[in-house]
Amino acid sequence: MSTLTPRHVPASSEPLPPMPLPPESILEGRPEAFGRILVQSDDKCISSGQWECTPGRFTWEFVWDEFVHVHSGHVIVTTPDGGKVELRAGDFATFPRGLKTEWQVLERVHKTFTVRTPEPLVL
């Protein structure tokens with residue numbers, strides 16, 4: 001029988017590395033994204049990390065289920081059917097796999113995310 005142990009990632013003051021948005025997704029401004037995956041489940045189908053983005057507007061299609069907690073900033077997320085959600089510090093949200101969105105980052109946003117992928121997410 002294997003021993004179960006928690007996974008721990010110590011807090012870091014290091015800046016997040018670049019995690020560029022696809023150039024074709026950018027609609028307005030020059031949004032720059034940064035992020036890293038910090039921890040994964042043994043099967044690599046659940047991953048969690050941090051992400052930041054500077055102001056701008058871009059499209060994003062979720063290729064996985066994503067759960068987020070916004071730590072700072074302000075973003076408006078819209079869907080093709082006119083749905084809209086504003087996210088600010090303290091807010092939680094979930095985005096289902098396959099959802100097409102447009103993100104308007106009004107104030108640099110910093111979030112923690114957890115994604116559930118249908119296949120292992122190999123880094």
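I take a contact to mean heavy atoms within 4.5 Å. On that basis I looked up the contacts with a separation of 6 or more in the chain, and residues 24 or more positions apart account for 67% of them.

Basis. I note that this is a predicted model, in which local features need pLDDT of at least 70, side-chain atom pairs count only at pLDDT 80 or more, and totals for chains, interfaces and linings use all residues. Residues are numbered from 1 along each chain as its sequence is written, and side-chain values use heavy atoms, with hydrogens and water left out.

Fold. I assigned helices (H or I, at least four residues) and strands (E, at least two) as DSSP runs, numbered from the N terminus. The chain has eight strands and zero helices, so its pattern along the sequence reads β-β-β-β-β-β-β-β.

Dimensions. I found that the C-alpha trace spans about 50 × 35 × 25 Å along its principal axes.

Surface. I used the Shrake-Rupley method with a 1.4 Å probe. The accessible surface comes to about 7,900 Å², and 56% of it belongs to carbon and sulfur atoms. Buried residues (under 20% relative accessible area; exposed is over 50%, partly exposed in between) make up 33% of the 123 residues.

Pocket. I searched a 1 Å grid over the protein atoms alone for pockets, each an open set of points where a 1.4 Å probe fits, with protein on both sides within 12 Å along at least five of seven lines; lining residues have an atom within 4 Å of a point. The largest pocket holds about 330 Å³ of space. Of its 17 lining residues, Met19, Trp51, Trp60, Trp64 and Glu66 are the closest to the centre. Strands S2 (33-40), S4 (56-61) and S8 (100-116) each give two or more residues to this lining, and S8 gives the most, with four. By class, the lining has 15 nonpolar, no polar and two charged residues.

Loops. I located Lys44 in the loop between S2 and strand S3 (46-53). Its phi is near 60°, a positive value in a residue other than glycine. Most residues other than glycine have a negative phi. Lys44 counts as partly exposed because its relative accessibility is 33%.

I then placed Gly98 in the loop between strand S7 (92-95) and S8. Gly98 is also partly exposed, at 41% relative accessibility. Leaving aside neighbours within four places in sequence, Gly98 is in contact with Glu61 and Phe62. Gly98 and Trp64 are 34 residues apart in sequence, with 7.2 Å from C-alpha to C-alpha.

Technical notes. Points joined across faces, edges and corners; volume = space filled by probe spheres on them. Nonpolar A, V, L, I, M, F, W, Y, C, P; charged D, E, K, R; others polar. Buried < 20%, exposed > 50% of the residue type's maximum accessible area, 1.4 Å probe, protein only.
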